[in-house]
Each structure stands twice: as structure tokens, then as C-alpha cells.
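Please look at the sequence and the model before reading on.

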Amino acid sequence: MQVLYFIFIAVISVLFFVLIKNVRYKSYISVLSSIGNLLVVLKIAFDIQIYGSISYFTGTYYIDSLSLIQLFIITFVALIASIYSVKYITAEVEEGLISSKKGTLYFTLFSIFSLSMIFVAISNNMVSMWIWLEATTLSTAFLISFDGSKHSLEAAWKYLILCSLGIAVGLIGILIFVYSAGKIESANVLKWDYLVSISDSLDINLVKIAFTLIFIGLGTKAGLAPMHTWLPDGHSQAPAPISAMMSGALLNLAMYVIIRFYTIISNISALKYMRFLFTVFGLLSLVVAAFSMIKAKNIKRLLAYSSIENIGIISIGIGFGFFDGIYGSLLHSIIHAFAKTLLFLIAGNIIVSYKTKNLSEINGMIYKIPINSVFIIIGMLVITGMPPFASFFSELKILNAGFSSNYAIVAIITVFLTVVVFGAFLSHFTRMIFFKDKDTLPDEESLREKEANVFPLMLSLIMIVLASLYFLPFLNKILEKATLIVLG
């Protein structure tokens, strides 16, 4: 069974991490592990095209087009991050910034993080999903505090406490959700697909309370405002490839879990109005992120607020509903994953080259790191929804759903806030790229070294281009089927 391959790959990888002393070889094993996970997902995708959905271990693990999207995002982003980590971690060990043992810890936690996200995406059992989601919290908490500084430890504790509290609230919601099934005696009562099939039998009043708790609790993990406060600190302190995985994959995954619960209540006509939670919290996230980005002084915090904004856009699309709203949100989750992976990895190159995260001290990029400068311009255009990238069409579909429903005012506010975000990015990046201050330019040697770490950036761009060709039969078919699953 394919799901066993994920565990097998992780166990073998960790074993090699412990046995091999050379950190560079450990990084190669990490890349091979990520490639292995991706190959398994490609085989699963082939099976889903034939069977529509597949399940393992009496339905404990279940994969359909909706979960397949998450698997694609997780494994592709993990592969790109693992390739970036080869030079990133090896350089830190060789420069004496971290020990070889710490390098082993990094790659071990990286593997656990990837495996945990994969099993969240394929878990059909709510309790199993919750356990794996908590595993992502524990593994990333250690990765956030990886450099051992005071600020990173503070960020890690903040992340651990807030997300654990959020997941605990979500667990209460899950238990109430299960209790809402009443006297239905079945071992399948914890499974998504079963609850969808008996949705008409659920206690509506209990489901209202349960879904609200789940939304707020897991919305903390997704980075929705006002539960987002851990996110700027966590992203600003984590190593660049981990920031890429957290923003590109983990936030999407938390939103996916919320959407999974929504697929159950979307079949209940009396509860369709509950999608207003997506609209309210999504719009609030846009407001907080847009105006925080204007005042941002740290490049990784700037990108973290951008993640909050994009999760807000995805949430708003689900709230608008209709085919276009859901389709646009799912497409946006894909393009955001690779765009933010690109931008966080560029930020990693910039920080190593300039020895600072302070936006005011980063300038003259076009003169000193031109390759990264070109990539960051492209990344800005993608993440702000400029044509011809898929983010433009995803936002267009979401806005179309808004104007087609009773949310025209929300759609107009969304347009205004995205313009504010574009202005914030343009202001910060224009100064970083074109303004030249000799006193703050980094030395040539370090720049030549970091320019060499552009291959992962190229992979991210390739995935952005492929995602922008969403109308291709394979990807479009997956998105359409996933949209219909959410619509119920």
C-alpha cells in the first residue's frame, strides 16, 4: 500500500541521518527522500484518475482530488526546500555556525515535518488527523528555534503555545462534532466520508458549536487573523527553507482541514450560512496583513504578513461559495504555495548575503545579486496577482463569485486591500532592488557564493508556470473534482 512507502522512506532517511557523519551526504539523503515521497504521490494521482478516490486500512486513510492537491503542494514544496537545504545547512556547518549533530537534527525534523503533513492530508479519521497535525506543531517548534537565539526561542514558545491551544480548541470541536451524530453506533463515525453520508442525521445545533470551535481553533494554525500573532515571529526566526514549507504548505494544510469539515455541513441546507465565518475572518486577515505590510521593517515578517493576506483571500473565496469561489480558492492555494516558497528562499539568500533581515539595510540588489533580483520581482508579481500568472485568474474567479452573490461590498474591499498590498510590496522591493548605498552593500565573495544557490528558485518558478497552466486537462480536472467535493 502506497501510504506505507511514506513511513518507510521517513524511517530509512532518519536511519541514514544518524549513521552518516558527513552533513552534505545527509542533505543528499533528504533530497532523495523528498523525491521518493513525490514519486509515491504521482502514483497515487494516477490511481485517482482511474478510481476517483482510494482508501487504505479499512478507510482510515482516504485520498480524493481535494487531498491530492495538498499532497502535490506538500511534496513539491518539500523537494524544493530540501534542495535549498543542501547548500544552506552545509554552509552553516562548514562555517561553524551549527554543529554536525545539529545538522542531523535539522534533517530529522525536516523528515518528520514532511511526513506529518502528508498524513494530515490523507487521514480520513479525525483523531488520526488531529494527532498528525499536532506532530507538525512539535517538529516545527524545534525548527523555529533552530539557531538557539533568544528571539527564536521566544518565537518558538509563542508558536507552540498558541497553536497547541488552537488545536486543543479544535479537538473539543471535533468531539462535539462526533457527538452530534447522536446514537448512531458505528466505528466509522470518526471518518470524513462517513459523516458526509450521514450529514442529514447530525444535530444541527451541536454542529454549529462544533464547526465554530474547529474554525477558530484550526484557524490559529492557518494564520487567520486575529489568531495570527504567532506567524510573523515564527516565520521571521525559522530557517529560510522551513519558512518556505510553513508558509507554502502548512498554512494551506490547516485551511484544508477546516474545509474538510465544511464539506460535511455544506450538504446541510440549514447550515450553509456558516460559510460566513470564512468571509469574516478572511476579510479581517486581509485588513491586518495589508496595513502591517506597509509598516514592516523585517523582510521575513513582510513575507509572513503576505501569507496571512493570501490565506485570507483563500478563506474569502470559500466564503463566497459557488463554483468560481471554491475553484479560485483551491487554485490560489497552489499558486501561493510556490510563490511564497520562491520568496522565502530568496529572502534566505538575501539574509546570508547582507547579514541582516532589516529592510532598511538591504539595497542595491540589482547591482550585486541580479539573479535574485529578477526572481524577487517575478515573485512579487505572482503573489500580488498580476497577469499572466494563475494568481490573477484565481483572484478574478473569487471576485466574480463575490459579485455574483450578496458579497459585492466584501469583493470591493478585497480589491482595495490587494491594491494596498501591491503598493506595500512595490515600495519595499523597489528600494531594496534599485536604491544603492555603498555603506550597506555586502562583500563580493559572499554574493558569488549565494548566487550559486538559485536552482531551487528556478524549480519554484517552473512550478509557478505549470500552476498557471491550470487549464491543462490534468490539473483542471483535479481542481474541478475538488471543487465539487467542497460544494457537496
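## Pockets and a helix residue

In this predicted model, the largest pocket holds about 500 Å³ of space. Its lining is made up of 21 residues, and those nearest the centre are Tyr88, Glu92, Leu97, Asp147 and Ile351. The largest share, four residues, comes from α3. By residue type, the lining of the largest pocket has ten nonpolar, two polar and nine charged residues.

The second largest pocket is lined by 15 residues, with Phe76, Met463, Leu466, Phe474 and Leu475 nearest its centre. At least two lining residues each come from α3, α13, α19 (455–468) and α20 (473–487). Here too α3 gives the most, with four residues. The lining of the second largest pocket consists of 15 nonpolar residues, with no polar and no charged ones.

| Pocket | Volume | Lining by type |
|---|---|---|
| Largest pocket | about 500 Å³ | ten nonpolar, two polar, nine charged |
| Second largest pocket | about 310 Å³ | 15 nonpolar, no polar, no charged |

The remaining topic is a single residue. Ser285 lies in helix α11, which spans residues 276–295. Is Ser285 buried or exposed? Ser285 counts as buried because its relative accessibility is 0%, and the cut-off for buried is under 20%. A polar atom of the Ser285 side chain lies 2.8 Å from the backbone oxygen of Phe281. Beyond its neighbours within four places in sequence, Ser285 is in contact with Leu224, Ala225, Ile308 and Gly312.

Definitions and conventions: Residues are numbered from 1 along each chain as its sequence is written. This is a predicted model: local features need pLDDT of at least 70, side-chain atom pairs count only at pLDDT 80 or more; totals for chains, interfaces and linings use all residues. Side-chain values use heavy atoms; hydrogens and water are left out. Buried means under 20% relative accessible area, exposed over 50%, partly exposed in between (1.4 Å probe, protein chains only). A polar contact is a pair of N or O atoms within 3.5 Å; within protein, one must be able to donate a hydrogen and the other to accept it, and residues adjacent in sequence count only if both atoms are side-chain atoms. Contact means heavy atoms within 4.5 Å. On a 1 Å grid over the protein atoms alone, a cavity is a set of points where a 1.4 Å probe fits but cannot get out, and a pocket is an open set with protein on both sides within 12 Å along at least five of seven lines; lining residues have an atom within 4 Å of a point. Grid points are joined across faces, edges and corners, and a volume is the space filled by probe spheres set on the points. Ala, Val, Leu, Ile, Met, Phe, Trp, Tyr, Cys and Pro count as nonpolar, Asp, Glu, Lys and Arg as charged, and the others, Gly among them, as polar.
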